Amino acid sequence: MSSQFSSSLIRTRRNLNLLPLIPTGSRRRVFSFLGGANQLRMMKKREQGDPETRENHKPRGVNELQQLLHSDSSGGGGDWDKCWEQGLTPWDLGQPTPVIAHLHRLGALPKGRALVPGCGTGYDVVEIACPERHVTGLDISDNAINKALQLFSSLPKAMHFTFLKVDFFTWHPTELFDLVFDYTFFCAIEPDMRSAWAQKMRDILKPDGELITLMFPISDHLGGPPYKVSVSDYEEVLHPMGFKAISILDNDLAVLPRKGREKLGRWKKSATKSSL
């Protein structure tokens with residue numbers, strides 16, 4: 001064995017030993033450049049919170065999305081409409097969220113009335129709708145709701161779901177909900193709106209209702225949307241509203257680009273914290 005090959009092998013083994021310490025979403029890059037000292041230095045800078053590497057590590061389309069949203073001050077959903085017009089929708093999976101589909105198949109979701117705020121094109125709305133559960137999908141974007149209607153309004157199960165173009169924070173439903181599912185909505189609103197988000201969740205859920213939060217993105221990046229989230233961010237606003245966590249688990253069914261950055265939280269509210 002040549003000394004050059006032996007030295008390379010030793011470096012490779014050392015780098016492989018580092019893999020358990022590196023977030024899952026970063027490991028493919030390690031394998032791609034294994035043995036490259038420069039790439040390892042960049043990863044170390046990212047782990048230490050270097051602003052430049054965090055900025056460059058954003059998913060494709062996020063920079064353009066943020067520039068568009070921060071340049072538009074029209075309000076009323078017009079900025080999000082422009083995102084849909086220009087195809088800047090990095091949050092849209094183009095399919096149901098795997099973990100909510102899994103829970104539905106298991107029969108592990110509350111029956112009755114369900115709500116998906118910030119539903120986008122409505123894949124999750126349609127996925128969990130059934131004769132035992134009517135699902136309402138809300139979005140502030142006309143383009144998102146129109147696309148959802150185009151995709152799904154002719155389905156046989158269309159009687160079990162509804163799409164509404166409304167502002168979640170000013171909307172007043174006539175009935176309370178048994179279930180609310182939030183994914184990529186909490187992280188899309190300005191952080192100073194999170195208390196209002198929690199209050200609204202309290203107000204629209206039945207006394208024994210359940211809130212399911214798929215927490216994303218759990219990271220240390222700067223700016224948004226999506227704004228970084230943590231378990232404590234949810235606890236900070238939900239606990240004062242009478243919510244308690246039933247469970248908070250890593251989302252093992254996350255799509256590959258989001259693995260290691262999602263947790264599934266299930267919350268129940270106390271019987272005394274409910275109003276319309």
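Two strands count as paired when DSSP finds at least two bridges between them. Helices (H or I, at least four residues) and strands (E, at least two) are DSSP runs, numbered from the N terminus. With that in hand, let us walk through this fold. It is a predicted model, in which local features need pLDDT of at least 70 and side-chain atom pairs count only at pLDDT 80 or more, while totals for chains, interfaces and linings use all residues. Residues are numbered from 1 along each chain as its sequence is written, and side-chain values use heavy atoms, with hydrogens and water left out.

Seven strands make up an open sheet with mixed pairing, in the order 3-2-1-4-5-7-6. Strand 3 and strand 6 (243-250) are at the edges with a single partner strand each, so one side of each has no neighbour in the sheet. From one strand to the next, the twist averages 20°; angles run from 0 to 180 degrees between N-to-C directions, and axes are lines fitted to C-alpha atoms, for helices over the stretch in contact.

Two of the pairings are set out here.

Between strand 2 and strand 3 the chain passes through helix 9 (residues 142-152), giving a right-handed β-α-β crossover. Right-handed here says that, with the strands pointing away from the viewer, the path from the first strand over the helix to the second runs clockwise.

Helix 10 (residues 194-204) and helix 11 (residues 231-238) have axes that come within 8 Å and cross at roughly 60°. The two helices are therefore oblique to each other; angles under 35 degrees count as roughly parallel, over 145 as roughly antiparallel, 65 to 115 as roughly perpendicular and the rest as oblique. Their crossing is right-handed, a term used if the near helix is turned clockwise from the far one by less than a right angle, with anticlockwise being left-handed.

On the helix 10 side, R194, S195, W197 and A198 meet D233, Y234, V237 and L238 of helix 11, where contact means heavy atoms within 4.5 Å. By class, five of these residues are nonpolar, one is polar and two are charged.

How do the helices sit against the strands? Helix 10 packs on the sheet and touches strand 1 (112-116), strand 4 (177-183), strand 5, strand 6 and strand 7, its direction making about 140° with that of strand 5. Helix 11 lies across strand 5, strand 6 and strand 7, at about 160° to strand 5.

**Backbone details in the loops**

The loop between strand 5 and helix 11 contains P217 and also P225. A cis peptide bond links F216 to P217, with omega about -5°, and another cis bond links G224 to P225, again with omega about -5°. In the loop between strand 4 and helix 10 we find T184, which has a positive phi of about 60° although it is not a glycine.

Notes. Nonpolar A, V, L, I, M, F, W, Y, C, P; charged D, E, K, R; others polar.
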